[in-house]
Amino acid sequence: MTAYEKTLSYMYECLPMYHRIGAAAYKANLDNTLALNKLFGNPQLNFPSIHVAGTNGKGSVSHMIASVLQSKGLKTGLYTSPHLKDFRERVRVNGKMIPKSNVITFVNKHKKDFETINPSFFEITFALAMEFFSEQKIDIAVVETGMGGRLDSTNTVRSILSIITNIGLDHTQFLGDTLQKIAVEKAGIIKPGIPVIIGKTQAETKNIFIDSAKENECKIVFADQVFHTENFHFICEPPFGSSLSMLQNGNPYMPDLLCALGGIYQQENLQTVMAACQMLNNLKYDIGEKIVRNGLKNVIKNTGLMGRWQIISEKPLTLCDTGHNADGITQVVQQLQQMKFNRLHIVYGMVNDKDISGILKLLPLDATYYFCKPNIPRGLDASLLKDQAESIGLKGKKYNSVSQALKSAQENADKNDLIFIGGSTFVVAEVV
């Protein structure tokens with residue numbers, strides 16, 4: 001085992017990690033984060049940050065904004081979660097992952113401090129990222145919340161712009177069981193005098209954000225009331241991605257826009273990104289149309305984003321997406337229904353703390369399913385998943401692993417069929 005592998009083993013096994021063990025890792029306060037910030041001299045205050053929260057789309061929005069900022073020539077830090085293949089995906093500067101040596105040194109140097117403070121995996125990762133960004137003397141950071149916002153470690157950054165993409169029912173055991181309760185938690189990232197962008201106007205949550213903005217005396221913009229998309233087209237051959245036109249207040253704004261991300265749901269995210277770029281211009285960042293176009297066209301190349309409507313192979317067309325809650329799955333199914341293919345094969349796995357039956361009811365009945373369990377402790381047993389799926393009319397077989405399920409789908413599919421892989425970030429992580 002290498003020194004890096006030993007360090008990761010310590011982080012995964014000795015620190016509470018929500019994405020592996022669930023509720024036991026959740027800390028409903030900022031005490032540990034504040035202690036870590038103090039320990040390291042509050043590095044999160046040494047650079048401006050764009051703070052991004054929301055139920056769906058916050059990862060895509062974060063990567064797109066970071067890519068635009070890089071295209072502007074700014075040294076850009078990007079903090080996101082979870083990772084798919086390598087822990088270091090969470091901490092990037094200009095798209096490059098934090099070196100393994102920095103991770104090793106940080107953890108080994110401060111193990112005694114960690115034993116005193118007893119932080120979670122996420123709290124330590126945030127501290128690592130902020131110290132690294134400060135050391136790298138970045139110009140700006142794009143920081144994605146882990147969960148919620150008000151009590152999230154990231155809520156200690158020095159934000160110049162807050163973004164809340166949308167509100168959906170996810171992590172309800174921590175954030176609340178209504179859209180309004182969840183919105184209150186997300187609205188916790190709104191800061192005095194700092195402008196905020198809301199990606200999606202929702203009747204249940206709109207006034208919560210408006211009231212919070214008034215209380216904090218800050219400008220608020222609902223992106224979908226200013227920007228709209230039309231003529232969206234999924235490009236399913238190289239270089240892949242999507243083409244669309246952007247409207248502002250009903251008037252042509254950016255026609256024939258190319259984006260490296262092909263998911264139909266990216267239209268909503270792109271509206272949010274446009275509003276963010278406009279707000280950054282108001283903050284004197286001078287981000288012109290050429291920079292925005294370049295950033296969106298090269299978002300995967302610039303930031304290393306994976307798992308968003310990502311094409312794995314072409315014949316048969318095989319793609320995956322990390323959408324895993326009701327809103328995300330609804331968007332995925334909507335796009336599948338618009339595509340042309342002979343038969344649909346779906347490799348599907350979930351984690352055990354989601355609304356299993358509620359999500360399964362959203363899936364198409366006319367597909368062949370390959371049920372599997374992602375290789376993490378929270379993974380839902382494939383037999384249980386298959387039983388629940390069959391009870392609502394979904395037909396398929398169970399497999400001992402994601403790789404076996406995908407192999408079976410590939411063997412059964414003809415070149416004009418479509419294979420989709422999803423249900424959980426952790427299922428996608430095993431195929432990209």
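This is a dialogue about the terms used for a predicted model and the values behind them.

Colleague: What does the numbering start from, and which residues count in the predicted model?

Modeller: Residues are numbered from 1 along each chain as its sequence is written, and side-chain values use heavy atoms, with hydrogens and water left out. In this predicted model local features need pLDDT of at least 70 and side-chain atom pairs count only at pLDDT 80 or more, while totals for chains, interfaces and linings use all residues.

Colleague: Why is the pair of Phe47 and Phe133 called edge-to-face?

Modeller: Rings of Phe, Tyr and Trp (its six-membered ring) pair if their centres lie within 6.5 Å; planes under 30 degrees apart count as stacked, over 60 as edge-to-face and the rest as tilted. The structure holds 12 aromatic pairs. In the pair of Phe47 and Phe133 the centres are 6.0 Å apart and the planes stand at 75°, so the pair is edge-to-face. The two residues are 86 residues apart in the chain, with Phe47 in the loop between α3 (31-39) and β1 (49-53) and Phe133 in helix α6 (residues 121-135). Helices (H or I, at least four residues) and strands (E, at least two) are DSSP runs, numbered from the N terminus. Another group of rings, Tyr12, Phe87 and Phe121, forms one aromatic cluster.

Colleague: What makes Lys111 a charge over the face of Tyr10?

Modeller: The rule asks for NZ of Lys or CZ of Arg within 6 Å of the ring centre and within 35 degrees of the ring normal. Lys111 lies over the face of Tyr10 at 4.6 Å from the ring centre. Arg88 lies over the face of Tyr4, at 5.8 Å from the ring centre.

Colleague: Why is Lys386 called buried?

Modeller: Buried means under 20% relative accessible area, exposed over 50%, and partly exposed in between (1.4 Å probe, protein chains only). Lys386 has 19% relative accessibility, so Lys386 counts as buried. Lys386 is found in helix α15 (residues 382-391). Contact means heavy atoms within 4.5 Å; leaving aside neighbours within four places in sequence, Lys386 is in contact with Phe371, Gly396, Lys397 and Lys398.

Colleague: How do you know that Cys218 is in no disulfide?

Modeller: A disulfide is a pair of cysteine sulfur atoms within 2.5 Å. By this rule the count comes to zero disulfides. For Cys218 the nearest cysteine sulfur, that of Cys277, is 19 Å away. At 11% relative accessibility, Cys218 counts as buried. Cys259 is in no disulfide either, with the sulfur of Cys277 nearest at 12 Å. Cys259 has 3% relative accessibility and so counts as buried.

Colleague: What makes β9 and β11 edge strands?

Modeller: Two strands pair if DSSP finds at least two bridges between them. The open sheet has the order β9-β10-β11, with antiparallel pairing. β9 (227-235) and β11 (251-259) each have a single partner strand, so one side of each is left without a neighbour in the sheet. Seven bridges join β9 to strand β10 (residues 241-248), and His233 stands opposite Ser243 in β10.

Colleague: Why is strand β17 (residues 418-422) described as largely enclosed by the rest of the structure?

Modeller: Five of the five residues of β17 are buried, so the strand is largely enclosed. Leu418, Phe420 and Gly422 point one way, and Ile419 and Ile421 the other way. β17 runs parallel to strand β13 (residues 317-320), joined by four bridges, and pairs with strand β14 (residues 344-348) in the parallel sense over five bridges.
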